[in-house]
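Open the model in a viewer and keep the sequence panel beside it. The stops below are given in the order in which to select them.

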Amino acid sequence: MFSNEMYELGAHSSVIREIFEYAKKRAEDVGRENIFDFSIGNPSVPAPEIVNETIKRLVDSVPSTELHGYTSAVGDNSVRQALAEYLNRTYSTHFRKENFYMTAGAAASLTITLNALYEQGDELIVLAPYFPEYRVFAEKAGMRVKVVPSDEKTLLPDFAAIESAINEHTKAIIVNSPNNPSGVVLDEDCVKTLCALLEKKQREFNKDIFLISDEPYRELVYGDVEVPYLTKYYNNTIVCYSFSKSLSLPGERIGYILVPDEVASSGEIFKAVCGAGRALGFVCAPALFQFVVKECLGKTAELSVYETNRDLLVNTVTRLGFTCAKPDGAFYLFMKSPEKDAAAFCERAKKYELLFVPSDSFGFPGYVRIAYCVSTEMIKRALPAFEKLAKEYF
Ligand code: PLP
(Lines give C-alpha, C1' and ligand atoms only; values in the text may rest on other atoms or scores of the structure.)
Protein backbone atom coordinates (compact mmCIF):
# COMPACT_ATOMS: atom_id res chain seq x y z
CA MET A 1 0.00 0.00 0.00
CA PHE A 2 2.93 2.29 0.64
CA SER A 3 6.70 2.20 0.88
CA ASN A 4 7.79 0.63 4.10
CA GLU A 5 11.23 2.16 3.70
CA MET A 6 9.77 5.67 3.43
CA TYR A 7 7.32 4.95 6.24
CA GLU A 8 10.24 4.06 8.51
CA LEU A 9 12.08 7.27 7.63
CA GLY A 10 8.97 9.36 8.24
CA ALA A 11 7.79 7.59 11.37
CA HIS A 12 11.14 7.83 13.13
CA SER A 13 12.40 11.36 12.77
CA SER A 14 16.06 12.08 13.50
CA VAL A 15 17.15 12.15 17.13
CA ILE A 16 17.92 15.85 16.68
CA ARG A 17 14.38 16.60 15.54
CA GLU A 18 12.92 14.47 18.36
CA ILE A 19 14.78 16.51 20.96
CA PHE A 20 13.86 19.74 19.19
CA GLU A 21 10.16 18.75 19.36
CA TYR A 22 10.55 17.73 23.02
CA ALA A 23 12.02 21.20 23.69
CA LYS A 24 9.00 22.88 22.12
CA LYS A 25 6.61 20.81 24.21
CA ARG A 26 8.63 21.36 27.37
CA ALA A 27 8.69 25.13 26.72
CA GLU A 28 4.88 25.08 26.68
CA ASP A 29 4.83 23.24 30.00
CA VAL A 30 7.46 25.09 32.03
CA GLY A 31 8.08 28.29 30.03
CA ARG A 32 10.60 28.94 27.29
CA GLU A 33 12.91 30.81 29.67
CA ASN A 34 13.30 27.70 31.83
CA ILE A 35 14.61 25.30 29.21
CA PHE A 36 18.04 25.30 27.62
CA ASP A 37 17.65 23.91 24.14
CA PHE A 38 21.02 23.11 22.56
CA SER A 39 19.56 20.57 20.14
CA ILE A 40 19.33 22.00 16.64
CA GLY A 41 21.55 23.93 14.24
CA ASN A 42 19.07 26.73 13.58
CA PRO A 43 21.08 29.99 13.32
CA SER A 44 20.26 32.34 16.20
CA VAL A 45 21.48 35.53 14.55
CA PRO A 46 19.24 37.31 12.04
CA ALA A 47 20.01 37.37 8.34
CA PRO A 48 22.07 40.47 7.49
CA GLU A 49 20.11 43.62 6.69
CA ILE A 50 21.15 43.38 3.03
CA VAL A 51 18.96 40.27 2.68
CA ASN A 52 15.75 42.10 3.60
CA GLU A 53 16.79 45.22 1.70
CA THR A 54 17.41 43.14 -1.42
CA ILE A 55 14.08 41.35 -1.08
CA LYS A 56 12.27 44.70 -0.81
CA ARG A 57 14.16 46.19 -3.74
CA LEU A 58 13.51 43.14 -5.93
CA VAL A 59 9.84 43.04 -5.02
CA ASP A 60 9.51 46.73 -5.89
CA SER A 61 11.52 46.68 -9.09
CA VAL A 62 11.27 43.30 -10.81
CA PRO A 63 8.02 42.20 -12.48
CA SER A 64 6.37 39.57 -10.34
CA THR A 65 6.12 37.04 -13.16
CA GLU A 66 9.89 37.23 -13.56
CA LEU A 67 10.77 37.35 -9.88
CA HIS A 68 8.57 34.43 -8.92
CA GLY A 69 8.61 32.56 -12.21
CA TYR A 70 10.52 29.40 -13.12
CA THR A 71 14.18 29.95 -13.82
CA SER A 72 16.09 27.45 -15.97
CA ALA A 73 16.18 24.03 -14.32
CA VAL A 74 19.87 24.57 -13.44
CA GLY A 75 19.21 28.05 -12.04
CA ASP A 76 19.29 31.57 -13.42
CA ASN A 77 22.26 32.30 -15.68
CA SER A 78 23.05 35.69 -14.17
CA VAL A 79 23.08 34.13 -10.70
CA ARG A 80 25.42 31.32 -11.81
CA GLN A 81 27.67 33.88 -13.52
CA ALA A 82 27.81 36.02 -10.37
CA LEU A 83 28.69 32.94 -8.30
CA ALA A 84 31.53 31.99 -10.64
CA GLU A 85 32.92 35.53 -10.56
CA TYR A 86 32.64 35.81 -6.79
CA LEU A 87 34.43 32.51 -6.14
CA ASN A 88 37.11 33.29 -8.74
CA ARG A 89 37.77 36.66 -7.09
CA THR A 90 37.85 35.16 -3.61
CA TYR A 91 39.74 31.90 -4.15
CA SER A 92 41.63 32.55 -7.43
CA THR A 93 39.72 29.77 -9.16
CA HIS A 94 38.56 29.59 -12.79
CA PHE A 95 34.93 28.58 -12.65
CA ARG A 96 32.34 29.28 -15.33
CA LYS A 97 28.60 29.63 -14.86
CA GLU A 98 28.23 26.26 -16.59
CA ASN A 99 29.80 24.61 -13.52
CA PHE A 100 26.91 25.58 -11.20
CA TYR A 101 23.58 23.93 -10.47
CA MET A 102 21.39 25.93 -8.07
CA THR A 103 19.65 23.87 -5.40
CA ALA A 104 17.28 24.00 -2.45
CA GLY A 105 20.14 23.95 0.10
CA ALA A 106 22.91 21.51 0.95
CA ALA A 107 20.49 18.65 1.56
CA ALA A 108 19.35 18.86 -2.06
CA SER A 109 22.93 19.42 -3.25
CA LEU A 110 24.07 16.23 -1.54
CA THR A 111 21.22 14.01 -2.55
CA ILE A 112 21.41 15.18 -6.19
CA THR A 113 25.19 14.66 -6.28
CA LEU A 114 25.02 11.17 -4.79
CA ASN A 115 22.29 10.12 -7.22
CA ALA A 116 24.24 11.62 -10.10
CA LEU A 117 27.38 9.63 -9.24
CA TYR A 118 25.84 6.31 -8.28
CA GLU A 119 26.57 3.17 -10.25
CA GLN A 120 25.73 -0.31 -9.03
CA GLY A 121 27.97 -1.56 -6.23
CA ASP A 122 29.29 1.90 -5.28
CA GLU A 123 30.45 2.70 -1.78
CA LEU A 124 30.60 6.08 -0.08
CA ILE A 125 33.12 6.84 2.64
CA VAL A 126 31.83 8.97 5.46
CA LEU A 127 34.07 10.22 8.25
CA ALA A 128 32.60 9.92 11.74
CA PRO A 129 31.38 11.91 13.51
CA TYR A 130 29.14 12.84 10.58
CA PHE A 131 25.87 14.63 9.78
CA PRO A 132 23.31 11.79 10.21
CA GLU A 133 21.35 12.60 7.05
CA TYR A 134 24.33 11.47 4.93
CA ARG A 135 23.26 7.92 5.53
CA VAL A 136 19.68 8.61 4.47
CA PHE A 137 20.77 10.43 1.30
CA ALA A 138 23.42 7.89 0.32
CA GLU A 139 21.40 4.76 0.96
CA LYS A 140 18.42 6.13 -0.93
CA ALA A 141 20.77 6.82 -3.84
CA GLY A 142 21.79 3.14 -3.65
CA MET A 143 25.25 3.59 -2.15
CA ARG A 144 26.68 1.47 0.59
CA VAL A 145 27.95 3.70 3.39
CA LYS A 146 31.34 2.91 4.89
CA VAL A 147 31.91 4.79 8.11
CA VAL A 148 35.50 5.63 9.03
CA PRO A 149 35.88 6.92 12.61
CA SER A 150 38.11 9.95 13.09
CA ASP A 151 41.02 10.07 15.49
CA GLU A 152 39.59 9.86 19.02
CA LYS A 153 41.94 12.54 20.41
CA THR A 154 41.84 15.20 17.69
CA LEU A 155 38.63 14.29 15.84
CA LEU A 156 40.67 14.79 12.66
CA PRO A 157 40.58 12.19 9.85
CA ASP A 158 42.38 8.93 10.57
CA PHE A 159 44.28 8.60 7.30
CA ALA A 160 45.41 5.03 7.87
CA ALA A 161 41.80 4.00 8.45
CA ILE A 162 40.65 5.87 5.34
CA GLU A 163 43.37 4.19 3.33
CA SER A 164 42.22 0.74 4.35
CA ALA A 165 38.55 1.61 3.76
CA ILE A 166 39.08 2.61 0.13
CA ASN A 167 38.63 -0.22 -2.33
CA GLU A 168 37.63 -0.80 -5.95
CA HIS A 169 33.98 0.02 -5.06
CA THR A 170 34.72 3.43 -3.53
CA LYS A 171 32.95 6.11 -5.54
CA ALA A 172 33.41 9.07 -3.24
CA ILE A 173 34.27 10.39 0.19
CA ILE A 174 32.35 13.21 1.89
CA VAL A 175 34.18 15.80 3.94
CA ASN A 176 32.49 18.49 5.98
CA SER A 177 34.77 21.25 7.23
CA PRO A 178 33.96 23.08 9.48
CA ASN A 179 32.32 19.98 10.82
CA ASN A 180 28.89 19.27 12.17
CA PRO A 181 28.97 17.95 14.95
CA SER A 182 32.59 18.48 16.04
CA GLY A 183 33.43 22.02 14.87
CA VAL A 184 36.74 20.67 13.57
CA VAL A 185 38.27 22.43 10.55
CA LEU A 186 40.64 20.64 8.16
CA ASP A 187 43.75 22.79 7.78
CA GLU A 188 45.89 22.88 4.65
CA ASP A 189 48.26 20.11 5.78
CA CYS A 190 45.36 17.85 6.52
CA VAL A 191 43.73 18.60 3.16
CA LYS A 192 46.99 17.92 1.33
CA THR A 193 47.44 14.60 3.10
CA LEU A 194 43.88 13.56 2.28
CA CYS A 195 44.19 14.59 -1.36
CA ALA A 196 47.53 12.83 -1.79
CA LEU A 197 45.96 9.69 -0.39
CA LEU A 198 43.01 9.95 -2.78
CA GLU A 199 45.37 10.51 -5.74
CA LYS A 200 47.34 7.43 -4.74
CA LYS A 201 44.20 5.33 -4.46
CA GLN A 202 42.88 6.57 -7.81
CA ARG A 203 46.12 5.35 -9.38
CA GLU A 204 46.10 2.08 -7.47
CA PHE A 205 42.53 1.20 -8.51
CA ASN A 206 42.72 2.97 -11.85
CA LYS A 207 39.46 4.80 -11.28
CA ASP A 208 38.09 8.18 -10.24
CA ILE A 209 37.35 8.73 -6.58
CA PHE A 210 35.35 11.88 -5.92
CA LEU A 211 35.78 14.21 -2.98
CA ILE A 212 32.40 15.69 -2.06
CA SER A 213 32.88 18.82 0.00
CA ASP A 214 29.78 19.60 2.05
CA GLU A 215 30.23 23.26 2.96
CA PRO A 216 27.33 24.87 4.78
CA TYR A 217 29.70 26.20 7.46
CA ARG A 218 32.57 27.47 5.24
CA GLU A 219 32.32 31.05 6.53
CA LEU A 220 31.74 30.11 10.18
CA VAL A 221 35.30 30.03 11.48
CA TYR A 222 36.87 31.77 14.45
CA GLY A 223 40.08 33.72 14.92
CA ASP A 224 42.48 33.41 12.00
CA VAL A 225 41.36 29.90 11.00
CA GLU A 226 41.17 29.40 7.22
CA VAL A 227 39.19 26.82 5.28
CA PRO A 228 41.18 25.69 2.22
CA TYR A 229 39.23 25.69 -1.05
CA LEU A 230 39.27 22.00 -1.88
CA THR A 231 38.91 22.22 -5.67
CA LYS A 232 42.41 23.72 -5.70
CA TYR A 233 43.91 20.63 -4.09
CA TYR A 234 42.13 17.79 -5.82
CA ASN A 235 40.69 17.76 -9.33
CA ASN A 236 37.82 15.38 -8.63
CA THR A 237 36.21 17.67 -6.06
CA ILE A 238 32.49 18.44 -6.18
CA VAL A 239 31.27 21.20 -3.86
CA CYS A 240 27.86 21.10 -2.17
CA TYR A 241 27.23 24.55 -0.77
CA SER A 242 24.39 26.14 1.17
CA PHE A 243 23.56 29.69 2.27
CA SER A 244 21.55 28.32 5.22
CA LYS A 245 24.09 29.12 7.90
CA SER A 246 26.28 31.88 6.43
CA LEU A 247 23.29 34.12 5.69
CA SER A 248 21.00 32.65 8.40
CA LEU A 249 18.49 31.51 5.77
CA PRO A 250 17.89 27.83 6.56
CA GLY A 251 14.16 27.99 5.89
CA GLU A 252 14.55 29.55 2.46
CA ARG A 253 16.33 26.51 0.99
CA ILE A 254 19.05 27.86 -1.25
CA GLY A 255 22.47 26.52 -2.22
CA TYR A 256 24.33 25.07 -5.19
CA ILE A 257 26.39 22.23 -6.59
CA LEU A 258 29.71 23.10 -8.20
CA VAL A 259 31.23 20.64 -10.70
CA PRO A 260 34.49 22.26 -11.81
CA ASP A 261 35.95 21.64 -15.29
CA GLU A 262 38.86 19.77 -13.67
CA VAL A 263 36.55 16.95 -12.54
CA ALA A 264 36.93 13.88 -14.76
CA SER A 265 34.13 13.84 -17.37
CA SER A 266 32.87 17.05 -15.80
CA GLY A 267 30.44 17.82 -18.65
CA GLU A 268 28.84 14.40 -18.36
CA ILE A 269 28.75 14.54 -14.58
CA PHE A 270 27.08 17.94 -14.78
CA LYS A 271 24.46 16.42 -17.10
CA ALA A 272 24.01 13.59 -14.57
CA VAL A 273 23.50 16.25 -11.89
CA CYS A 274 20.81 17.81 -14.11
CA GLY A 275 19.26 14.35 -14.55
CA ALA A 276 19.31 13.60 -10.84
CA GLY A 277 17.82 17.02 -10.13
CA ARG A 278 15.08 16.25 -12.63
CA ALA A 279 14.43 12.75 -11.30
CA LEU A 280 14.27 13.96 -7.70
CA GLY A 281 12.12 16.97 -8.55
CA PHE A 282 14.86 19.44 -7.59
CA VAL A 283 14.72 21.73 -10.61
CA CYS A 284 14.63 25.51 -10.50
CA ALA A 285 15.77 26.32 -6.97
CA PRO A 286 13.60 28.97 -5.20
CA ALA A 287 13.72 31.86 -7.68
CA LEU A 288 13.44 34.83 -5.34
CA PHE A 289 16.27 33.52 -3.20
CA GLN A 290 18.48 32.79 -6.19
CA PHE A 291 18.24 36.53 -6.96
CA VAL A 292 18.72 37.47 -3.31
CA VAL A 293 21.91 35.47 -2.78
CA LYS A 294 23.31 36.88 -6.02
CA GLU A 295 23.28 40.31 -4.34
CA CYS A 296 24.67 38.96 -1.04
CA LEU A 297 27.72 36.99 -2.18
CA GLY A 298 30.54 37.42 0.31
CA LYS A 299 28.19 38.79 2.96
CA THR A 300 27.36 36.94 6.16
CA ALA A 301 25.12 37.34 9.15
CA GLU A 302 26.85 38.82 12.22
CA LEU A 303 28.70 35.68 13.25
CA SER A 304 30.69 37.05 16.20
CA VAL A 305 28.08 35.91 18.73
CA TYR A 306 28.93 32.29 17.88
CA GLU A 307 32.56 32.89 18.84
CA THR A 308 31.46 34.52 22.12
CA ASN A 309 29.22 31.53 22.78
CA ARG A 310 31.93 29.04 21.93
CA ASP A 311 34.40 30.69 24.33
CA LEU A 312 31.85 30.92 27.12
CA LEU A 313 30.80 27.29 26.76
CA VAL A 314 34.26 25.81 26.28
CA ASN A 315 35.54 27.70 29.34
CA THR A 316 32.55 26.69 31.43
CA VAL A 317 32.43 23.01 30.62
CA THR A 318 36.19 22.51 30.95
CA ARG A 319 36.23 24.41 34.26
CA LEU A 320 33.49 22.07 35.49
CA GLY A 321 35.49 18.96 34.56
CA PHE A 322 34.03 17.96 31.17
CA THR A 323 36.28 17.27 28.17
CA CYS A 324 35.87 18.72 24.71
CA ALA A 325 37.95 19.75 21.72
CA LYS A 326 37.76 23.51 21.16
CA PRO A 327 35.82 23.94 17.94
CA ASP A 328 37.44 26.15 15.28
CA GLY A 329 34.25 26.57 13.31
CA ALA A 330 30.54 25.84 12.84
CA PHE A 331 28.44 26.29 15.98
CA TYR A 332 28.65 22.93 17.70
CA LEU A 333 30.57 21.73 20.72
CA PHE A 334 31.32 18.01 20.80
CA MET A 335 31.70 17.12 24.45
CA LYS A 336 32.75 13.78 25.84
CA SER A 337 29.98 12.15 27.83
CA PRO A 338 31.16 11.55 31.42
CA GLU A 339 29.38 8.19 31.32
CA LYS A 340 29.77 5.60 28.59
CA ASP A 341 26.18 5.84 27.42
CA ALA A 342 25.73 9.33 25.97
CA ALA A 343 21.95 8.86 25.78
CA ALA A 344 21.85 8.20 29.53
CA PHE A 345 23.92 11.33 30.10
CA CYS A 346 21.45 13.34 27.96
CA GLU A 347 18.57 11.97 30.03
CA ARG A 348 20.32 13.11 33.19
CA ALA A 349 20.96 16.55 31.63
CA LYS A 350 17.23 16.79 30.90
CA LYS A 351 16.60 16.83 34.67
CA TYR A 352 18.17 20.28 34.61
CA GLU A 353 16.36 21.20 31.37
CA LEU A 354 19.63 20.98 29.42
CA LEU A 355 18.95 19.48 26.00
CA PHE A 356 21.88 17.93 24.15
CA VAL A 357 22.04 15.41 21.30
CA PRO A 358 23.74 12.08 22.04
CA SER A 359 26.42 11.30 19.47
CA ASP A 360 25.37 7.77 18.50
CA SER A 361 23.52 8.96 15.40
CA PHE A 362 26.68 10.82 14.35
CA GLY A 363 28.39 7.43 14.20
CA PHE A 364 30.72 8.25 17.10
CA PRO A 365 29.31 7.05 20.44
CA GLY A 366 30.23 8.48 23.83
CA TYR A 367 29.81 12.21 23.12
CA VAL A 368 27.08 14.82 23.04
CA ARG A 369 26.57 17.63 20.58
CA ILE A 370 25.80 21.03 22.07
CA ALA A 371 24.52 23.41 19.38
CA TYR A 372 25.50 26.88 20.58
CA CYS A 373 23.65 28.84 17.92
CA VAL A 374 21.56 30.28 20.74
CA SER A 375 21.58 33.61 22.56
CA THR A 376 24.57 34.25 24.82
CA GLU A 377 22.06 35.24 27.45
CA MET A 378 20.53 31.74 27.35
CA ILE A 379 23.95 30.17 27.87
CA LYS A 380 24.52 32.43 30.87
CA ARG A 381 21.15 31.44 32.31
CA ALA A 382 22.06 27.77 31.74
CA LEU A 383 25.31 27.95 33.72
CA PRO A 384 23.82 26.90 37.09
CA ALA A 385 22.24 23.90 35.32
CA PHE A 386 25.64 22.92 33.89
CA GLU A 387 27.11 23.21 37.39
CA LYS A 388 24.44 20.96 38.91
CA LEU A 389 24.92 18.42 36.14
CA ALA A 390 28.70 18.42 36.60
CA LYS A 391 28.28 17.81 40.35
CA GLU A 392 26.63 14.49 39.53
CA TYR A 393 29.88 13.29 37.95
CA PHE A 394 32.92 15.12 39.30
N1 PLP B 1 25.29 19.26 5.79
C2 PLP B 1 25.55 19.53 7.08
C3 PLP B 1 26.84 19.12 7.64
C4 PLP B 1 24.61 20.20 7.86
O5 PLP B 1 24.89 20.45 9.15
C6 PLP B 1 23.36 20.58 7.28
C7 PLP B 1 22.32 21.24 8.08
O8 PLP B 1 22.41 21.43 9.26
C9 PLP B 1 23.15 20.26 5.94
C10 PLP B 1 24.12 19.61 5.22
C11 PLP B 1 21.86 20.62 5.27
O12 PLP B 1 21.84 22.00 5.06
P13 PLP B 1 20.66 22.75 4.28
O14 PLP B 1 19.85 23.46 5.31
O15 PLP B 1 21.34 23.73 3.40
O16 PLP B 1 19.91 21.74 3.52
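Select Ser337, which sits in the loop between β9 (332-336) and α13 (342-350); helices (H or I, at least four residues) and strands (E, at least two) are DSSP runs, numbered from the N terminus. The model is predicted, so local features need pLDDT of at least 70 and side-chain atom pairs count only at pLDDT 80 or more, while totals for chains, interfaces and linings use all residues. Residues are numbered from 1 along each chain as its sequence is written, and side-chain values use heavy atoms, with hydrogens and water left out.

Is Ser337 buried or exposed? Its relative accessibility is 9%, which counts as buried; buried means under 20% relative accessible area, exposed over 50%, and partly exposed in between (1.4 Å probe, protein chains only). Show its side chain: it reaches the backbone oxygen of Glu339 at 2.5 Å. Beyond the neighbours within four places in sequence, Ser337 is in contact (heavy atoms within 4.5 Å) with Ala342, Phe345, Gly366 and Tyr367.

**Strand β6**

Next, select β6 (210-214). Which residues point which way from this strand? Phe210, Ile212 and Asp214 point one way and Leu211 and Ser213 the other, and all are buried. With 5 of its 5 residues buried, β6 is largely enclosed by the rest of the structure.

β5 and β6 pair in the parallel sense over 4 bridges; strands pair if DSSP finds at least two bridges between them. To find one of these positions, select Ala172, whose bridge partner in β6 is Phe210. β6 and β7 also run parallel, joined by 4 bridges, and Asp214 stands opposite Cys240 in β7.

**The nonpolar cores**

Leaving aside neighbours within four places in sequence, Ile238 is in contact with residues including Thr113, Leu117, Phe210, Ile212, Ile257, Val263 and Ile269. Ile238 is also among the residues with the most contacts inside the largest nonpolar core, as are Leu114, Leu117, Leu124, Ile212 and Val259. That core has 45 residues; a nonpolar core is a set of buried Ala, Val, Leu, Ile, Met, Phe, Trp, Tyr and Cys residues joined through side-chain atoms within 4.5 Å. Apart from it lies another core, of 41 residues, among them Tyr222, Val317, Tyr332 and Ala371.

Select Val259 next, in the loop between β8 (255-258) and α10. Val259 counts as buried at 1% relative accessibility. Not counting residues up to four places away in sequence, it touches Asn99, Ile238, Ser266, Ile269, Phe270 and Val273. For a sense of scale, draw a distance from its C-alpha atom to that of Gly183, 76 residues apart along the chain: the separation is 26 Å.

**Salt bridges**

How many salt bridges does a search of the whole structure find? The total is 26, where a salt bridge is a side-chain nitrogen of Lys or Arg within 4 Å of a carboxyl oxygen of Asp or Glu.

Select Lys24 and Glu21, whose closest N and O atoms are 3.6 Å apart. Being 3 residues apart in helix α2, the two are separated by about one helical turn. Lys24 is partly exposed at 37%, and Glu21 is partly exposed at 41%.

Then go to Arg57 and Glu295, a salt bridge with closest N and O atoms 3.8 Å apart. This pair links distant parts of the chain, with Arg57 in helix α3 (residues 49-61) and Glu295 in helix α11 (residues 287-295), 238 residues apart.

Another pair is Glu387 and Arg319, at 3.6 Å between the closest N and O atoms. Glu387 lies in helix α14 (residues 376-391) and Arg319 in helix α12 (residues 304-320), 68 residues apart. Glu387 is partly exposed at 32%, whereas Arg319 is exposed at 56%.

Finish by selecting Arg96, Lys97, Glu98 and Asp261, which are linked in a network of salt bridges.

Methods:
A polar contact is a pair of N or O atoms within 3.5 Å; within protein, one must be able to donate a hydrogen and the other to accept it, and residues adjacent in sequence count only if both atoms are side-chain atoms.
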